[in-house]
Amino acid sequence: MHIIDTHCDALLKLQLAKRGRFFQQEPLHFTDSEVLDTNFKRLQAGGVKVQFFAIFLYPDVPSEEKWQHALEQVDLFYTEVLGKNPSMKHIKKWEDIDRLKDDEIGAVLTLEGADAFGNDLMKLRQLYRLGVLSIGLTWNNANLCADGAGEPRGGGLTLLGKEVVQLNNEHRVFTDVSHLSVKGFWEVMELADYPMASHSNARALRDHPRNLDDEQAKAMFAKNGLIDVVFCLDFIKEDTSRVEISDLIKHIDHFCGLGGVKQIGIGSDFDGIVSHIHDLENASKFQNLINELQKHYSEDEVAGFAYRNFLEHRPGLRQGAMDDGGQFERKSEVGIWQKRG
């Protein structure tokens with residue numbers, strides 16, 4: 001079964017390797033580097049049909065260098081991810097997903113934290129032009145747009161942050177709430193047309209600031225937003241000595257119980273995590289998750305979690321869009337989205 005994964009940090013690893021920060025001072029090859037959870041061959045082996053690639057900057061990058069760091073990751077996306085793997089196709093607008101051929105994998109560029117553009121909206125517009133289709137206002141730290149989940153002050157959105165959300169709406173871009181403070185989350189709920197939690201779990205099961213409580217989850221579902229479960233062990237359970245796929249599925253169960261069965265997806269955080277769920281160590285193992293889900297849910301529900309819920313909630317497309325007679329659903333069931341094996 002095909003997978004849409006809405007978060008990975010492969011670009012950061014590629015950049016750190018290029019800059020000689022680790023990995024034996026050698027560049028990484030996206031095609032087959034064992035260091036990359038989401039290398040091309042592993043994406044193929046795991047049935048990934050669309051992979052999101054985050055631009056992420058560490059908070060300690062000097063302010064005057066942040067834009068250059070972001071552009072370097074974009075360049076690596078174009079040269080290493082796309083340029084050296086012809087079957088990787090850049091998704092520049094949401095409809096491009098429907099045009100993927102059987103042997104192609106879609107690649108979506110995202111931004112994790114507005115630090116890259118500071119207060120320069122010209123830079124933000126350039127990121128839109130480069131193909132960024134999802135923007136999280138913060139990582140865990142505070143910036144000029146909002147406070148992150150790790151900022152003790154717990155403030156909400158600034159005027160700049162609110163303007164960015166409005167620009168996301170105009171450009172059919174997701175506003176990602178995964179790293180926001182609680183106050184920031186609720187302010188995004190008031191403003192965003194296309195909210196998404198690209199990689200978060202249920203706080204009722206694991207009390208962590210990066211997870212969403214029940215009221216937040218219900219608000220996301222009421223707003224037609226997506227919540228994509230994350231594989232970070234510390235967001236799944238307190239005892240991380242051994243985490244099983246069944247532990248992750250408990251979070252899916254919980255969100256389903258809140259009415260989110262049609263709005264749950266996958267946001268692995270591969271390449272951004274250092275420890276892994278047993279039997280889910282990299283993108284090649286995605287079908288282990290599918291197989292376990294099929295023990296608990298119908299085929300239709302599992303297909304929803306894997307890819308269809310995302311397809312039906314893309315920005316600018318009405319839920320069930322093109323459903324005059326079910327055209328969208330038929331397209332999802334044939335061609336590239338047909339279950340194989």
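Let's start with a crossing: helices α8 and α9 cross in a right-handed way. Keep in mind that you're looking at a predicted model. Two packed helices are described by the angle between their axes and the distance between those axes.

**Helices α8 and α9**

- Helix α8 covers residues 245-257 and helix α9 covers residues 286-293; their axes come within 10 Å and cross at roughly 60°.
- That angle makes α8 oblique to α9.
- On the α8 side, the residues that do the touching are Ile245, Leu248, Ile249 and Ile252, and they meet Asn288, Leu289, Glu292 and Leu293 of α9.
- Sort the residues of this contact by class and you get six nonpolar, one polar and one charged.

**Helices α6 and α7**

- Next up are α6 (residues 182-191) and α7 (residues 214-222), whose axes come within 11 Å and cross at roughly 20°.
- Angles under 35 degrees count as roughly parallel, so α6 and α7 are roughly parallel to each other.
- The crossing of this pair is left-handed.
- From α6, the contact uses Val182, Phe185, Trp186 and Met189, while α7 brings in Glu215, Gln216, Ala219 and Met220.

**Thr138, a loop residue**

- You'll find Thr138 in the loop between strand β5 (132-136) and helix α5 (159-170).
- Is Thr138 buried or exposed? Its relative accessibility is 3%, so Thr138 counts as buried.
- The side chain of Thr138 reaches the backbone oxygen of His179 at 3.1 Å.
- Leaving aside residues up to four places away in sequence, Thr138 touches Gly113, Ala114, Asn143, Ala146, Asp147, Gly148, His179 and Leu180.

**Gly20, another loop residue**

- Gly20 has its place in the loop between α1 (10-18) and α2 (40-46).
- Why does Gly20 count as buried? Buried means under 20% relative accessible area, and Gly20 comes in at 19%.
- How far apart are the C-alpha atoms of Gly20 and Leu248? They're separated by 34 Å, and the two residues are 228 residues apart along the chain.

Terms used. Residues are numbered from 1 along each chain as its sequence is written. This is a predicted model: local features need pLDDT of at least 70, side-chain atom pairs count only at pLDDT 80 or more; totals for chains, interfaces and linings use all residues. Side-chain values use heavy atoms; hydrogens and water are left out. Axes are lines fitted to C-alpha atoms, for helices over the stretch in contact, and angles run from 0 to 180 degrees between N-to-C directions. Helices (H or I, at least four residues) and strands (E, at least two) are DSSP runs, numbered from the N terminus. Angles under 35 degrees count as roughly parallel, over 145 as roughly antiparallel, 65 to 115 as roughly perpendicular and the rest as oblique. A crossing is left-handed if the near helix is turned anticlockwise from the far one by less than a right angle, and right-handed if clockwise. Contact means heavy atoms within 4.5 Å. Ala, Val, Leu, Ile, Met, Phe, Trp, Tyr, Cys and Pro count as nonpolar, Asp, Glu, Lys and Arg as charged, and the others, Gly among them, as polar. Buried means under 20% relative accessible area, exposed over 50%, partly exposed in between (1.4 Å probe, protein chains only). A polar contact is a pair of N or O atoms within 3.5 Å; within protein, one must be able to donate a hydrogen and the other to accept it, and residues adjacent in sequence count only if both atoms are side-chain atoms.
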